[in-house]
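This report describes selected features of one protein structure.

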Amino acid sequence: MSDYKEYSICKDAQLTLKKAHEDGVETAWDRLKKQEPQCGYCELGVSCRICVMGPCRIDPFGEGPQRGVCGADADIIVARNLARMIASGAASHSDHGRDLVEVLYKVGLGKAPGYTIKDPEKLKRIATEYGVPTADLSNEEIAKRLAEAIMEDYGMKKERITFISRAPRQRIELWEKLRVIPRGIDRETSEIMHRTHMGVDNDYVSLLLAAVRNSLSDGYGGSMVGTELSDIIFGTPKPGMSEVNLGVLKEDQVNIMVHGHSPVVSEMVGLAVNDKEMVALAKSKGAAGINLAGLCCTGNELMMRWKIPMAGNHLMTELTIVTGAVESIIVDYQCIMPSLGQVAQCYHTKLYSTSDKAKFPFMEHVEFTPENAKAQAYRIVKESIENFTRRNKLKVYIPVAPVKTMSGFSVEAIVGALGGSLTPLIDAIKAGKIKGAAGVVGCNNPKIKQDYGHVELIKRLIANDILVLTTGCANVAAGKAGLQVPEAKEMAGPGLKEICGLLGIPPSLHVGSCVDNSRIVVIACALANAIGVDIAQLPLAAAAPEWYSEKAATIAFYAVASGIFTVLGVMPPILGSKKVAELATSGLNNVLGACFAVEPDPIKAADLMKNHIVDKRKKLGLPI
Ligand code: SF4
Ligand code: SF4
């Protein structure tokens with residue numbers, strides 16, 4: 001019988017996957033098998049269904065059709081498909097950011113009970129960046145005015161989005177020359193959908209430059225807004241300890257999970273589970289208490305701020321239900337498999353959708369708005385407690401003990417850990433104790449053994465004295481592997497080990513959720529500004545070893561657009577056009593000073609990143 005080691009490196013996944021199969025539950029891994037072999041045209045990016053003269057496809061062997069019905073060739077089709085992928089990712093993050101703007105605005109109007117301004121100092125700092133006056137104004141008035149100013153970033157009132165000015169001068173000048181400065185967050189996404197309509201932009205270079213601009217409207221727009229406003233409303237994260245893996249579920253407690261991306265819903269759930277009356281209700285039903293845990297990026301948001309434990313990343317979401325120990329999962333949006341409701345049919349778990357834009361089969365829809373969120377959270381928590389009485393104890397299987405992990409490395413926290421400025425980090429990089437820094441981000445994808453890509457890559461990077469910053473599902477992989485506790489310094493090279501020991505930090509830092517890749521961008525900009533160089537000159541690299549999502553593609557695009565060499569562990573659908581593939585993997589170097597590489601082997605990927613960092617160090621005249 002399979003020991004499931006070919007699916008995941010994680011014991012909790014292996015054991016629960018076995019139970020899933022014993023219980024007759026189908027998972028993403030099973031469905032991938034049923035889909036194979038997957039469509040070769042789509043894998044190459046040469047199928048098009050943009051209009052109903054199609055669908056069309058280009059024969060990659062040159063024998064069949066080389067143009068769609070409209071006349072589009074492989075280069076146009078691949079570039080259009082890629083641009084639409086970027087637009088979807090940008091739209092997702094930016095719409096998430098917009099929800100935070102709405103909450104901030106309603107807090108300003110006094111119409112969002114339960115929500116407050118948890119970081120007034122940051123509110124004032126960001127307001128000042130937006131040119132919003134703060135003197136003699138209440139926090140609520142500043143919140144309202146700041147929200148209104150950010151709304152303008154979403155539209156077409158400005159020539160450029162506000163946070164783009166955080167980039168170093170050299171980068172901004174390059175973007176100006178290329179005409180890729182985002183003019184409005186929504187505008188760039190909307191324009192991509194227009195450009196890729198049949199008969200609009202049919203030049204692959206022009207399409208890809210527009211996609212670059214769209215990705216920047218996410219990285220320096222929607223995502224950055226999402227991060228900064230979450231900090232203002234829910235508090236700027238500080239380092240602290242928590243726990244990770246399926247072992248965070250408690251056999252004797254009501255287990256409530258939050259899943260998705262937006263902290264808007266989960267923060268209110270957090271409020272409700274800590275209410276004494278709710279805890280007393282849980283006890284009256286025979287539970288020892290209420291245990292709130294996270295999944296995916298909603299989990300990251302809660303772990304960053306409140307050290308709420310994390311049950312798992314993307315491929316653990318179905319398996320969490322299979323434990324039979326979960327009373328409810330409350331979802332917001334993004335990365336929520338539509339299969340969850342089906343899986344829950346075999347157990348007692350209740351599922352709740354909360355966003356008008358994200359409804360699912362077999363889920364009860366309890367819509368959250370800034371006005372009613374608190375009341376709705378209490379309602380769901382109450383129902384979850386009631387559901388504890390329906391738990392079948394014989395079906396409960398919590399396969400492992402939890403692992404300790406550290407979280408909460410916001411930009412402010414990193415600067416704080418360094419004693420108030422980035423200078424000690426810059427000095428450590430200059431001295432060669434830290435060779436450089438790398439962002440390791442993104443998802444799980446059943447095409448890659450779960451967490452193998454993340455963990456092996458991070459181990460190799462830190463062993464080479466490269467400081468790692470993780471976001472999204474990469475956090476969970478690193479946390480479960482014990483890489484995100486201060487003791488993990490023992491796995492780092494001598495220089496990084498020394499610095500981590502001095503600061504009491506892990507060599508791999510949990511910096512947040514997927515929108516929080518903007519934190520990595522902010523640090524890169526601040527480092528470049530402090531040294532007086534462009535980001536592309538810094539010893540930095542990034543990787544998304546197990547990515548699946550359109551959002552990850554957009555993140556990778558804005559990383560490269562910022563000048564950061566980025567390695568993808570899964571091939572994007574571009575190989576059907578030699579020109580697009582060449583531009584992405586080398587040509588962009590001449591345009592943006594950075595490009596992509598695709599390398600599924602995490603050890604080889606780490607070596608590519610290390611070599612890139614060494615090369616940048618040489619060019620800066622730093623010791624190797
Ligand atoms: S846009 Fe052109 S290539 Fe695409 S489906 Fe329509 S006709 Fe075919
Ligand atoms: S890292 Fe990927 S799978 Fe995980 S929450 Fe983010 S987009 Fe979803």
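## A buried serine in a loop

S355 is located in the loop that connects β8 (350–353) with β9 (364–365). The model discussed here is predicted. With a relative accessible area of 10%, S355 is buried, because buried denotes a value under 20%. Apart from neighbours within four places in sequence, the contacts of S355 are D332, Y333 and H365.

## A buried phenylalanine in a loop

F163 occupies the loop between α6 (139–154) and α7 (169–178). Its relative accessible area is 1%, and F163 is therefore classed as buried.

When residues up to four places away in sequence are set aside, F163 touches I126, E129, Y130, Y220, M224, V225 and E228. G222 lies 59 residues from F163 along the chain, and the C-alpha atoms of the two are separated by 10.0 Å.

In soluble globular proteins, nonpolar side chains tend to be buried together. The largest nonpolar core of this model comprises 167 residues, and the members that touch the most other members are L104, Y115, W175, Y220 and V269. The greatest contribution to this core comes from helix α4 (residues 74–109), which supplies 15 residues.

For V269, the contacts beyond four places in sequence are I256, V258, L292, I330, A377 and V381. There is also a second, separate core of 35 residues, with A293, I329, I336 and Y347 among its members.

Helix α2 (residues 28–35) has A28, W29, D30 and L32 buried. The elements covering the buried residues of α2 include α1 (11–22) and α13 (317–322).

Helix α19 (residues 473–480) is largely enclosed by the rest of the structure, because eight of its eight residues are buried. The buried residues of α19 are C473, A474, N475, V476, A477, A478, G479 and K480. Just after α19, G482 adopts a positive phi of about 75°.

## A strand covered on both faces

Strand β14 (residues 540–544) is mostly covered, with five of its five residues buried. In a regular strand the side chains alternate between the two faces of the sheet. In β14, L540, A542 and A544 are on one side, whereas A541 and A543 are on the other; all are buried, and both faces are covered.

Strand β11 (residues 436–440) runs parallel to β14 and is joined to it by four bridges. Strand β15 (residues 565–568) also pairs with β14 in the parallel sense, over four bridges. A542 has a place in both pairings: A542 is the bridge partner of G439, and A542 stands opposite T566 in β15.

## A nonpolar surface patch

Which residues form a nonpolar patch on the surface? The patch consists of M53, V69 and M198, which together have about 270 Å² of accessible area.

M53 is found in the loop between β1 (47–48) and β2 (56–57). The relative accessibility of M53 is 46%, so this residue counts as partly exposed. The value lies between the cut-offs of 20% for buried and 50% for exposed.

Conventions. Residues are numbered from 1 along each chain as its sequence is written. Chains are lettered from A and ligands numbered from 1 in the order in which they are written. This is a predicted model: local features need pLDDT of at least 70, side-chain atom pairs count only at pLDDT 80 or more; totals for chains, interfaces and linings use all residues. Side-chain values use heavy atoms; hydrogens and water are left out. Patches are made of residues with over 30% relative accessible area and no salt bridge: like charges are joined within 9 Å, nonpolar side chains (Val, Leu, Ile, Met, Phe, Trp, Tyr) within 5 Å. Accessible areas come from the Shrake-Rupley method with a 1.4 Å probe; for residues, only the protein chains shown count as cover. A salt bridge is a side-chain nitrogen of Lys or Arg within 4 Å of a carboxyl oxygen of Asp or Glu. Helices (H or I, at least four residues) and strands (E, at least two) are DSSP runs, numbered from the N terminus. Buried means under 20% relative accessible area, exposed over 50%, partly exposed in between (1.4 Å probe, protein chains only). A nonpolar core is a set of buried Ala, Val, Leu, Ile, Met, Phe, Trp, Tyr and Cys residues joined through side-chain atoms within 4.5 Å. Contact means heavy atoms within 4.5 Å. Two strands pair if DSSP finds at least two bridges between them.
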